[in-house]
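Please look through the sequence and the model shown here before reading on. The report below goes through a few parts of the structure in turn.

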Amino acid sequence: MTNSQTIDWQVLLDRAREAAACAYAPYSEFPVGAAGLTADGRIVSGCNVENASYGLGLCAECGMVSDLHRTGGGRLVAMVAANPEGEKLVPCGRCRQLLHEAGGGDLMVDTTRGPRPLRELLADAFGPDDLLARQADHPEGS
């Protein structure tokens, strides 16, 4: 995202609401949608998909990150999660980690308290740089 590109939070919220309307949530009856803006200006989205084996359910943010890669990859610069009524929802801890991989600490997340950088929601996050540093410290065969 360039400095001249602004985030239209209402468009993202509308897309998240649309995605939430497609959610498969027969067990919790808690549909969630997520929408994100990529650095190149695309909007990606996803919805939660539950499973009778509860641990196998997928959060809306998982679907959104999958859509990010399906449509060409890149980095997320902004995102919002919401229910079908447009009420903003804060990503769970697992999804915060997933979002960190897709957008880093600078990713703006619209919350009930307004947009905030992901680094405020996931302090001291573990990410790709941590693995690269470890590989540099422990080259193969040593």
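## Threonine 38 and its strand

Threonine 38 is buried, with a relative accessible area of 1%, where buried means under 20% relative accessible area, exposed means over 50% and partly exposed means in between, for a 1.4 Å probe and protein chains only. Threonine 38 lies in strand S1, and its side chain is joined to that of aspartate 40 by a polar contact of 2.5 Å. A polar contact is a pair of N or O atoms within 3.5 Å; within protein, one must be able to donate a hydrogen and the other to accept it, and residues adjacent in sequence count only if both atoms are side-chain atoms.

The model is a predicted one, in which local features need pLDDT of at least 70 and side-chain atom pairs count only at pLDDT 80 or more, while totals for chains, interfaces and linings use all residues. Residues are numbered from 1 along each chain as its sequence is written, and side-chain values use heavy atoms, with hydrogens and water left out.

Strand S1 covers residues 33-38, and because 6 of its 6 residues are buried, the strand is largely enclosed by the rest of the structure. Helices (H or I, at least four residues) and strands (E, at least two) are DSSP runs, numbered from the N terminus. In a regular strand the side chains alternate between the two faces of the sheet. In S1 both faces are covered, with Gly33, Ala35 and Leu37 buried on one side and Ala34, Gly36 and Thr38 buried on the other.

S1 pairs with strand S2 (residues 43-47) in the antiparallel sense over 5 bridges, pairing being defined as at least two bridges found by DSSP between two strands. Within S2, cysteine 47 is the bridge partner of glycine 33. The two strands form a hairpin with 4 residues between them, and glycine 41 in the turn has a positive phi of about 95 degrees. S1 also runs antiparallel to strand S3 (residues 76-82), to which 6 bridges join it, and there methionine 79 is the bridge partner of glycine 36.

## Helix H1

Helix H1 (residues 9-20) has 12 residues and reaches 16 Å from its first C-alpha to its last, close to the 16 Å expected at 1.5 Å a residue; the expected span is 1.5 Å times one less than the number of residues. Its buried residues are Trp9, Leu12, Leu13, Ala16, Ala19 and Ala20. Seen down the axis of H1, these buried residues fall within an arc of 120 degrees, so they line one face of the helix, the arc being that of the directions from the helix axis to the C-beta atoms. What covers them includes S1, S2 and S3.

## Arginine 75

Arginine 75 is found in the loop between helix H2 (60-70) and S3, and it is partly exposed, with a relative accessible area of 40%. Leaving aside residues up to four places away in sequence, arginine 75 touches residues including Leu37, Thr38 and Ala39, a contact being heavy atoms within 4.5 Å. The side chain of arginine 75 reaches the backbone oxygen of glutamate 101 at 3.1 Å and that of glycine 103 at 3.3 Å.

## Cysteines

A disulfide is a pair of cysteine sulfur atoms within 2.5 Å, and by this rule the count comes to 0 disulfides. The sulfur of cysteine 22 is 6.0 Å from the closest cysteine sulfur, in cysteine 47, which is too far for a bond. Cysteine 22 is exposed, with a relative accessible area of 58%.
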